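Colleague: I have just opened this one on my screen. Could you walk me through the helix packing before I set anything up?

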Amino acid sequence: MNDKQRRRLDISGFIIALGLLVIAILLRFDASHMPPAPAYARIGPEAATNVVALCLLVLGLATAYTAWRGDGVEPEAADWGPVALITLAFVAVIAIIGLGGGFILASAVLFAMTSRAFGRHALLVDFAVGFALGLGAYLVFAKLLTLTLPSGPLEHLF
């Protein structure tokens with residue numbers, strides 16, 4: 001292998017491809033251990049998992065091929081501020097739900113902090129939009145579909 005070919009290999013692309021392939025294998029393994037479909041059903045519960053595993057397998061192989069050819073884009077420098085803020089938003093959601101704050105408040109905080117990470121500076125407006133979206137999602141899932149979401153003081157009002 002000459003120097004030009006060595007420079008074209010994309011190591012980070014190979015790592016991403018390996019991660020996708022590992023996830024595909026784990027999903028397929030998990031799907032193989034799901035209960036069988038009822039006799040009257042043609043498609044069992046493992047069908048969607050198998051489709052996702054197949055898509056991840058194809059994506060992983062395509063990523064590995066692209067990394068091998070060196071056709072990937074040149075990586076940009078990472079901006080760790082937004083990454084840290086979104087990570088902090090996920091931690092805040094876990095804390096809010098864990099402390100009994102509920103789904104609506106957690107959704108509002110997540111939306112506002114993610115908007116801030118993407119460069120918006122209207123924190124109160126973003127919190128209000130996140131609150132409205134969280135309330136709408138709560139009403140659809142908890143009241144219309146009767147699914148259980150984490151409840152807090154706001155959810156008890158509805």
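Predicted model: local features only at pLDDT ≥ 70, side-chain atom pairs only at ≥ 80, totals over all residues.

Colleague: Fine, let's start with helix 5 and helix 6. At what angle do they pack, and how far apart are their axes?

Modeller: Helix 5, which covers residues 103-117, packs against helix 6, residues 123-144, at an angle of about 140 degrees, and their axes are 7 Å apart. That angle makes helix 5 oblique to helix 6, since only angles over 145 degrees would count as roughly antiparallel.

Colleague: And is the crossing left-handed or right-handed?

Modeller: Helix 5 passes helix 6 in a right-handed crossing. On the helix 5 side the contact includes Phe103, Ser107, Phe111 and Ser115, while helix 6 contributes residues including Asp126, Gly130, Phe131, Gly134 and Tyr138.

Colleague: How does that contact divide by residue class?

Modeller: The contact of helix 5 with helix 6 has 15 nonpolar, four polar and one charged residues.

Colleague: You mentioned two serines. Is Ser107 buried or exposed?

Modeller: Ser107, which lies in helix 5, is buried, with a relative accessible area of 17%.

Colleague: How far is Ser107 from Ala89, C-alpha to C-alpha?

Modeller: The C-alpha atoms of Ser107 and Ala89 are separated by 9.8 Å, and the two residues are 18 residues apart along the chain.

Colleague: Then Ser115, what does that one touch?

Modeller: Ser115 is also placed in helix 5, and it is buried as well, with a relative accessible area of 12%. Apart from its neighbours within four places in sequence, Ser115 is in contact with Arg120 and Asp126.

Colleague: Let's turn to the other partner, then. How do helix 4 and helix 5 pack?

Modeller: Helix 4, residues 80-98, and helix 5 pack at an angle of about 175 degrees, with their axes 9 Å apart. The two helices are therefore roughly antiparallel to each other.

Colleague: Which residues meet there?

Modeller: From helix 4 the residues include Pro82, Leu85, Ala89, Phe90, Val93 and Ile97, and they meet a set in helix 5 that includes Leu105, Val109, Leu110, Met113, Thr114 and Arg116. By class, the residues of the contact of helix 4 with helix 5 divide into 16 nonpolar, one polar and one charged.

Colleague: Over to the N-terminal part. What is the arrangement of helix 2 and helix 3?

Modeller: Helix 2 and helix 3 pack at an angle of about 160 degrees, and their axes are 8 Å apart. That makes helix 2 roughly antiparallel to helix 3, and helix 2 passes helix 3 in a left-handed crossing. The residues of this contact divide into 18 nonpolar, five polar and two charged.

Colleague: How many aromatic pairs are there?

Modeller: The count comes to one aromatic pair. Phe14 and Trp68 form it, and the arrangement is edge-to-face, with 6.4 Å centre to centre and 70 degrees between the planes. Phe14 lies in helix 2, residues 11-32, and Trp68 in helix 3, residues 46-69, so the pair ties together parts that are 54 residues apart in sequence.

Colleague: How accessible are Phe14 and Trp68?

Modeller: Phe14 is partly exposed, with a relative accessible area of 28%, whereas Trp68 is exposed, at 55%.

Colleague: What about Leu18, where is that placed?

Modeller: Leu18 is in helix 2 and counts as exposed at 55% relative accessibility. Leu18 and Ala64 are 46 residues apart in sequence, yet their C-alpha atoms are 7.8 Å apart in space.

Colleague: Last topic, backbone geometry. What is phi of Thr146?

Modeller: Phi of Thr146 is near 55 degrees, which is a positive value in a residue other than glycine. Thr146 is found in the segment after helix 6, and at 62% relative accessibility it counts as exposed.

Conventions
Residues numbered from 1 in each chain as written. Heavy atoms only, no water. Axes fitted to C-alpha atoms, helices over the stretch in contact; angles between N-to-C directions. Helix = DSSP H or I, 4+ residues; strand = E, 2+ residues; numbered from the N terminus. Parallel < 35°, antiparallel > 145°, perpendicular 65-115°, else oblique. Left-handed = near helix turned anticlockwise from the far one by under 90°. Contact = heavy atoms within 4.5 Å. Nonpolar A, V, L, I, M, F, W, Y, C, P; charged D, E, K, R; others polar. Phe/Tyr/Trp six-rings, centres within 6.5 Å; stacked < 30°, edge-to-face > 60°. Buried < 20%, exposed > 50% of the residue type's maximum accessible area, 1.4 Å probe, protein only.
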